[in-house]
Amino acid sequence: MQPLKTLVLFVLLFGLGLSVQARTVGSTDFVHLQEEDGIWWFVNHQGERFITTGMNHIDERGILFNEVNQGWMTGEFGEDILGSWGGLNARASGIAAFADKVVNDFKSYGFNTIPFHAYTVPLSLYEEREIYYIAKIKVESISMRHMNRAQGARFPDVFSSEFEQKLDALTKKVCSPLRDAKYLLGYTFFDLPDLKAPGQWHARQFPDGGLVYPWVQDMRNLPASAEGKKAWIRILQENHGSAATAAEVYGIDGVSSWDQLAQVTDWPPKPSNEAKVVKDADDMLAALADRWYGLHREMIHKYDPNHLIIGDKHEVGFNKTVHQIPDGVLEPIGKYCDVFMIQYYSFYNDLHNSTLRELHRKTGLPIINGDHAFSHQTDKHTKLKGLEVHSHDAVGEEYANYMQRTMEDHPFMLGWWYCGYMEQWAPAGTRLGQQCGFFDPFGEPNMEVLPAIKAANENAVKWHENSKPK
């Protein structure tokens, strides 16, 4: 049964002869959602509507501590700000001063939310400073890029009692202290989960070339006694007339019973009927997604019934490419989450417009673009993240255009989190390139671009008030 998530109110403005329908999602004593005349908003505990704006990668170790800005953080915030592991020390004597800098930088330029890519600063410091923030519940990896499969790491069996107990313990630890938080936006899970077909690089790791979703492959390779394996056999029972016919589809010989098929832990990479195998995989992935999101919602609301569920951040596209998320995954997202968070790097164009609309239509949820950036490469960079433009002025122009168009054209868009806060200069950086941002590696604001960013952020609510589908 779908959880009751909404309270519907009908307000009749008799004097004006207008009928306004308002829908509230969540508790009005905390950050919640409101849809009014088809336009979605975040609303705080004081009844103020807002659009979420933020900068990612606030306290990532490779950005704060690298060969270019070595010594800057310790000079500003004390020697113990650098932990023995090379990252930001949450217990440092200067951690509150670092939080002060972050919050001041955000609020000075119209950013109101500490977003998804924040790692170490205690959330209580953001609550005290009255800036919105998110909390993370990372129980077990469902992302290939964060999973060391060579060392035996695999996707979790979400049907098992062990997984349920592990999630229960984590949500109790994370959610209980935040139950009464006024500035918590909601709970998030994983960055770019593998709930769709694997990309080319990851597909090469599997003998079948990624024909079957990796998570499904891991479940069907479990022993017969595992709950995930039992769920897989139930899918096969629904889709095939007998164990023998199911085994034939997969190119498995000598199987005459479901118990025998359940014993199989090494499935042939070249099935005899790919279409039926893909149907089984789609159904199993949908079952996994339903269990993943449903159990998260149940456990979060067990310890915190007051705050929104934002869920995983899903990659949906880069530039002119769209990465399709199966409908069987979008359905439980819409059922169990309150907001759909995406990563969509693209200039604003017809494809971007139509993709956002399709995702909203299929989930029924308002959307945050939780990761996206424009960047201008200078002689300080060898390769820069973000969609490249020809100048810092152009970064500001593209930022303002994207914010205005998404706010005006999409009544269901709730905001945008930019990637990122402080940039890196070469030789710092990763294979993805130097991190882009609006502050240099020494924390100084880039005044070639920030005035335009501030103006766009401050206009977001006004643009959204007049939102109409285009």
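Conventions. I number residues from 1 along each chain as its sequence is written, and side-chain values use heavy atoms, without hydrogens and water. As the model is predicted, local features need pLDDT of at least 70 and side-chain atom pairs pLDDT 80 or more, while totals for chains, interfaces and linings use all residues.

Entry 1, β10. I looked up how enclosed strand β10 (residues 308–318) is: 10 of its 11 residues are buried, so the strand is largely enclosed by the rest of the structure. Buried means under 20% relative accessible area with a 1.4 Å probe, protein chains only. Strands are DSSP runs of E of at least two residues, and helices are runs of H or I of at least four, numbered from the N terminus.

Entry 2, partners. I count strands as paired if DSSP finds at least two bridges between them. β10 runs parallel to β9 (residues 184–191) over 4 bridges, with Thr188 opposite Gly311. β10 is also parallel to β12 (residues 340–345), over 5 bridges; there Lys313 has Met341 as its bridge partner.

A cavity is a set of points on a 1 Å grid over the protein atoms alone where a 1.4 Å probe fits but cannot get out; lining residues have an atom within 4 Å of a point. The lining includes Val316 and Val322, and helix α13 (residues 350–363) gives the most, with 4 residues.

Key
On a 1 Å grid over the protein atoms alone, a cavity is a set of points where a 1.4 Å probe fits but cannot get out, and a pocket is an open set with protein on both sides within 12 Å along at least five of seven lines; lining residues have an atom within 4 Å of a point. Buried means under 20% relative accessible area, exposed over 50%, partly exposed in between (1.4 Å probe, protein chains only).
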